[in-house]
Amino acid sequence: MKNITKITAGVALGLWGGMAQAADDLTLQLKWVTQAQFGGYYVAKDKGFYEEEGLNVTIKPGGPDIAPVQVLLGGGADVMVDWLPSALAAREKGAPIVNIAQPFAKSGLMLTCLKEHGIESPEDFPGNTLGTWFFGNEIPLLSWMGKLGYSTDGSNGGVTIQKINFNVDPLLQKQVECATTMTYNEYWQVIDAGLTPEDLVVFKYEDEGISTLEDGLYTTEENLEDPEMVDKLARFVRASMKGWKYAEENVEEAAEIVLENDQTGAQTEKHQTRMMGEIAKLTMGSDGRLDEAAFDRSADITMEGGMITKAPEGAWTHDITDKALQ
């Protein structure tokens with residue numbers, strides 16, 4: 001009888017301990033496919049940083065057919081990664097989404113030109129065709145051309161803006177003289193195609209003062225009204241930033257972790273290691289707290305580009321990062 005009592009008590013204690021240690025579920029929807037662009041989140045999961053915060057985090061890869069904001073609003077995720085211009089445009093159209101953290105302090109966007117076309121400075125743009133992605137990615141470029149006083153319809157004294165797909169084929173095939181690239185991705189596709197840095201001229205949007213915030217973390221207004229969710233989000237941001245800082249200091253290991261999570265097998269060690277090294281330059285110096293001046297600049301550029309019609313209100317909060325950084 002004593003043994004039965006001990007066993008029963010042990011089982012009860014085990015169940016209570018399991019309940020006390022049960023992790024809170026949280027789902028993150030990425031903006032794009034599994035790659036080092038999101039390395040900090042995969043590192044946080046792999047190294048147990050989320051577990052240390054009492055979280056069981058599911059990371060959902062994105063892709064060309066996945067709209068993160070729709071996944072978030074549909075309840076398929078608690079947090080999403082998005083660029084500020086597209087998030088602001090969605091908010092103005094009625095999506096109640098809010099920036100809760102900004103791991104990326106700098107933009108990776110730039111314009112890459114073939115030197116053979118004689119383009120050495122922005123003064124050489126007129127008469128040339130500039131290729132860019134659309135869906136909001138064209139906004140900084142259009143804003144830049146506006147600041148330079150160049151028309152974008154191909155008229156005399158201006159440039160031609162051409163929509164291109166998310167690759168560098170138009171540049172390599174010389175259908176455009178310059179093309180939008182990311183410092184951590186498409187630029188290296190050009191290099192891997194056989195060109196050298198000496199064959200290219202690059203204009204980083206960050207240097208030109210036309211950059212907008214990229215890869216922020218967003219949730220819904222409804223989530224921010226729930227104290228339990230706010231607590232989970234703060235723990236998530238704290239662990240995620242720990243993951244990003246680890247990735248910055250351990251580039252090769254972080255790239256390996258990303259590769260282990262790539263279900264498609266499409267990524268390569270060389271490309272992911274290189275990408276992680278470039279991404280580390282964009283997250284460096286960020287503790288996750290959104291910089292208000294950078295937000296205002298990004299919002300102004302988004303408004304100038306016509307994606308939004310008025311200055312956004314309530315589109316960001318420091319509440320989550322303030323709690324995460326305590």
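The largest cavity in this predicted model has a volume of about 30 Å³, and the structure holds 1 cavity of 30 Å³ or more. Here a cavity is a set of points, on a 1 Å grid over the protein atoms alone, where a 1.4 Å probe fits but cannot get out, and its lining residues have an atom within 4 Å of a point. Grid points are joined across faces, edges and corners, the volume being the space filled by probe spheres set on the points. Residues are numbered from 1 along each chain as its sequence is written, and side-chain values use heavy atoms, with hydrogens and water left out. As the model is a predicted one, local features need pLDDT of at least 70 and side-chain atom pairs count only at pLDDT 80 or more, while totals for chains, interfaces and linings use all residues.

The lining of the largest cavity includes Leu-84, Arg-91, Asn-99, Tyr-218 and Ala-315. Helix α5 (84-92) and strand β4 (97-101) each supply at least two of the lining residues, and α5 gives the most, with 4 residues; helices (H or I, at least four residues) and strands (E, at least two) are DSSP runs, numbered from the N terminus. By type, the lining divides into 7 nonpolar, 1 polar and 1 charged residue, where Ala, Val, Leu, Ile, Met, Phe, Trp, Tyr, Cys and Pro count as nonpolar, Asp, Glu, Lys and Arg as charged, and the others, Gly among them, as polar.

We turn next to the nonpolar cores. In soluble globular proteins, nonpolar side chains tend to be buried together. A nonpolar core is a set of buried Ala, Val, Leu, Ile, Met, Phe, Trp, Tyr and Cys residues joined through side-chain atoms within 4.5 Å, and buried means under 20% relative accessible area, exposed over 50%, partly exposed in between (1.4 Å probe, protein chains only). The largest core has 77 residues, of which Tyr-41, Leu-111, Phe-125, Leu-217 and Phe-236 touch the most other members. Helix α11 (residues 227-249) provides the largest share of this core, 10 residues. Apart from it lies another core, of 17 residues, including Leu-88, Ile-97, Leu-213 and Ala-294. Not counting residues up to four places away in sequence, the contacts (heavy atoms within 4.5 Å) of Leu-111 include Phe-125, Trp-144, Val-201 and Phe-203.

Charged pairs complete the picture. The structure holds 14 salt bridges, each a side-chain nitrogen of Lys or Arg within 4 Å of a carboxyl oxygen of Asp or Glu. In one of them, Asp-192 pairs with Arg-274, the closest N and O atoms being 2.7 Å apart. Asp-192 lies in helix α8 (residues 186-192) and Arg-274 in helix α13 (residues 269-283), so this bridge ties together parts that are 82 residues apart in sequence. Asp-192 is partly exposed at 44% relative accessibility, whereas Arg-274 is buried at 18%.

Asp-322 is partly exposed at 34%, and Arg-289 is partly exposed at 38%. Elsewhere, salt bridges that share partners join Asp-24, Asp-231 and Arg-235 into one network.

Notes: 1 Å grid on protein atoms, 1.4 Å probe; cavity = no way out; pocket = protein on both sides within 12 Å on 5 of 7 lines; lining within 4 Å.
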